[in-house]
Amino acid sequence: MFGLFSSKGPFKVKVAAADKEFAVEKGDNLLKAALDNQLAWPHNCRVGSCGECRCRLVSGKIKPLADFSYVLNSEEMDSGMILACQTSLRSDVEIEVSMDMPANPISKPETTGGTIISTKSLTHDILEVTIQVDDAFPKYLAGQYAEVVVPGVIDKPRSYSFAKSPDKEQKNHVSFYIRHVPKGEFTTWLHSENREGQKVEVTGPFGSFWHRESPKQVLCLAGGSGMAPIKALLEHMLSEGMSQQVTYLFGARTQKDLYCLEEMQEIVKLSKGQFTFIPVLSQEPEDSDWTGLRGYAIDHIQFTEDFATNTHAYLCGPPPMIDSAIEMFNAKGLLNEHIFYDKFLDASSMEGGRA
Ligand SMILES: Cc1cc2nc3c(=O)[nH]c(=O)nc-3n(C[C@H](O)[C@H](O)[C@H](O)COP(=O)(O)OP(=O)(O)OC[C@H]3O[C@@H](n4cnc5c(N)ncnc54)[C@H](O)[C@@H]3O)c2cc1C
């Protein structure tokens with residue numbers, strides 16, 4: 001199935017069982033074409049590391065742009081699974097992929113210039129960065145992310161989740177919560193001095209981490225800058241009426257790593273008893289005035305009797321946190337199709353780094 005023919009294109013993709021067809025232009029990968037066609041193709045990192053865009057080649061010929069076996073296991077490889085972000089086409093193809101359409105339409109990703117118009121410290125290592133975009137930015141869904149490039153500073157894009165739901169964001173503004181990663185190229189530059197006035201390029205929206213309409217109870221779990229997409233999701237759920245029980249456990253090291261507490265209290269108030277926010281600290285000094293929970297957020301989840309059948313879980317943060325949560329939820333009977341997550345991969349967790 002992996003052919004050696006020269007690429008002509010454009011080639012047609014038929015999505016099995018979804019009654020959808022689209023074209024992949026010469027030079028584009030399968031995922032890019034799907035997103036340009038506003039399909040809800042699952043994806044996260046878009047560089048062949050997370051594996052979320054995996055799909056099955058039913059027929060036709062492709063050219064792998066990377067070795068899939070770093071991400072897919074031998075069973076998946078044998079059954080014809082491929083990574084859409086690392087696939088170009090050699091013929092028309094038929095693909096099997098599980099797509100989960102959001103209630104609101106998905107925008108085609110676009111690139112626009114912009115200017116950093118404000119940077120505000122939320123904690124000692126997290127900045128709220130607001131960018132004014134030059135051209136109207138496509139409408140994103142709460143939970144999605146954008147790529148940011150600062151010409152002359154970083155040429156490879158960095159991904160950041162929108163920190164506000166679209167209806168809470170000012171016109172032509174986009175806001176992100178950006179944590180300083182020690183030795184991180186972009187975030188060290190960003191945090192080292194006031195960058196207001198800096199010209200940037202923003203591309204998006206990307207990502208399939210959005211709210212799934214459902215009467216099921218919602219469990220959110222995040223750490224660090226993982227607050228951004230979860231806060232945006234909560235704002236969105238609130239604007240939709242928040243009719244289900246929503247619990248959010250936020251893990252941080254110490255009190256100085258907590259932020260958005262006022263915003264969380266506001267959601268608690270407006271949700272009329274539907275929303276519970278639980279911050280949990282893992283490294284708070286024993287003798288401090290902290291009266292809240294201690295340890296890891298994941299260890300404080302109260303599993304209801306109907307957890308397996310009546311829960312949608314939304315997870316955001318570093319990959320190890322997400323992997324342990326998924327393992328725990330699976331052990332409690334929650335199916336993967338009811339677990340939604342955004343892994344904040346960085347160069348240290350991507351195959352071969354960023355170089
Ligand atoms: C979908 C998505 C959404 C995200 N959303 C957010 C968000 O909302 N907020 C946020 O703060 N972050 C977010 N991130 C992470 C963000 O994109 C950046 O990865 C992060 O800010 C680090 O960028 P940097 O340039 O400072 O670090 P980098 O220079 O990329 O380095 C990151 C780390 O990797 C190490 N490293 C660099 N190169 C290599 C290599 N070759 N091998 C091994 N290690 C290496 C560095 O020393 C450093 O510790 C998100 C990531 C994804 C994928």
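## Aromatic pairs

A search of the whole structure, which is a predicted model, finds 17 aromatic pairs. Rings of Phe, Tyr and Trp (its six-membered ring) pair if their centres lie within 6.5 Å; planes under 30 degrees apart count as stacked, over 60 as edge-to-face and the rest as tilted. Tyr145 and Phe206 form a tilted pair, with 5.7 Å from centre to centre and 40° between the planes. This pair links distant parts of the chain: Tyr145 is in strand 10 (residues 145-150) and Phe206 in strand 13 (residues 199-206), 61 residues apart. Helices (H or I, at least four residues) and strands (E, at least two) are DSSP runs, numbered from the N terminus. Both Tyr145 and Phe206 are buried; buried means under 20% relative accessible area, exposed over 50%, and partly exposed in between (1.4 Å probe, protein chains only).

The ring centres of Phe303 and Phe329 are 6.2 Å apart and their planes stand at 75°, so this pair is edge-to-face. Phe303 lies in the loop between strand 17 (293-294) and strand 18 (311-317), and Phe329 in helix 6 (residues 319-331), so the pair ties together parts that are 26 residues apart in sequence. Phe303 counts as partly exposed, at 27% relative accessibility, whereas Phe329 is buried, with a relative accessible area of 0%. Elsewhere, one aromatic cluster is formed by Phe137, Tyr140, Tyr160, Phe162, Phe176, Phe186 and Trp189.

## Charges over rings

A charge sits over a ring if NZ of Lys or CZ of Arg is within 6 Å of the ring centre and within 35 degrees of the ring normal. The charged end of Arg46 sits over the ring of Phe206, 3.5 Å from its centre. Phe303 has Lys332 over its face, at 4.8 Å from the ring centre.

## Domains and nonpolar cores

The domain assignment of the chain gives domain 1 (11-96), domain 2 (110-206) and domain 3 (217-343); such bounds come from an automatic or database domain assignment. The C-alpha centres of domain 1 and domain 2 lie 29 Å apart.

In soluble globular proteins, nonpolar side chains tend to be buried together. A nonpolar core is a set of buried Ala, Val, Leu, Ile, Met, Phe, Trp, Tyr and Cys residues joined through side-chain atoms within 4.5 Å. The largest such core has 32 residues, and those with the most contacts inside it are Met227, Ile230, Leu234, Tyr248, Phe250 and Phe275. At least two residues of this core come from each of strand 14 (217-223), helix 4 (227-239), strand 15 (246-252), helix 5 (261-270), strand 16 (275-281) and strand 18. Helix 4 gives the largest share, 7 residues. The core draws at least three residues from each of domain 2 and domain 3. A second, separate core of 29 residues includes Val13, Leu30, Val97 and Phe206.

## Cysteines

Which bond joins two cysteines in a disulfide? A disulfide is a covalent bond between the sulfur atoms of two cysteines; here the test is a pair of cysteine sulfur atoms within 2.5 Å. The structure holds 0 disulfides. The cysteine sulfur closest to that of Cys45 is in Cys50, 3.7 Å away, too far for a bond. Cys85 is in no disulfide either, and the nearest cysteine sulfur, that of Cys53, is 3.8 Å away. Cys45 is buried, with a relative accessible area of 9%, and Cys85 counts as buried at 6% relative accessibility.

## A buried loop residue

Ala142 is in the loop between strand 9 (126-133) and strand 10. Is Ala142 buried or exposed? At 6% relative accessibility, Ala142 counts as buried. Leaving aside its neighbours within four places in sequence, Ala142 is in contact (heavy atoms within 4.5 Å) with residues including Ser165, Trp210 and His236.

## Backbone details

Most residues other than glycine have a negative phi, and most peptide bonds are trans. The peptide bond from Gly204 to Pro205 is cis, with omega near 0°, and Pro205 is found in strand 13. Gln38 is not a glycine, yet has a positive phi of about 60°. Gln38 is found in the loop between helix 1 (30-36) and strand 3 (54-59) and is partly exposed, with a relative accessible area of 38%. Lys183, also not a glycine, has a positive phi of about 70°. Lys183 lies in the loop between strand 12 (173-179) and helix 3 (185-192) and counts as exposed at 85% relative accessibility.

## Basis of the values

Residues are numbered from 1 along each chain as its sequence is written, and side-chain values use heavy atoms, with hydrogens and water left out. In this predicted model, local features need pLDDT of at least 70 and side-chain atom pairs count only at pLDDT 80 or more, while totals for chains, interfaces and linings use all residues.
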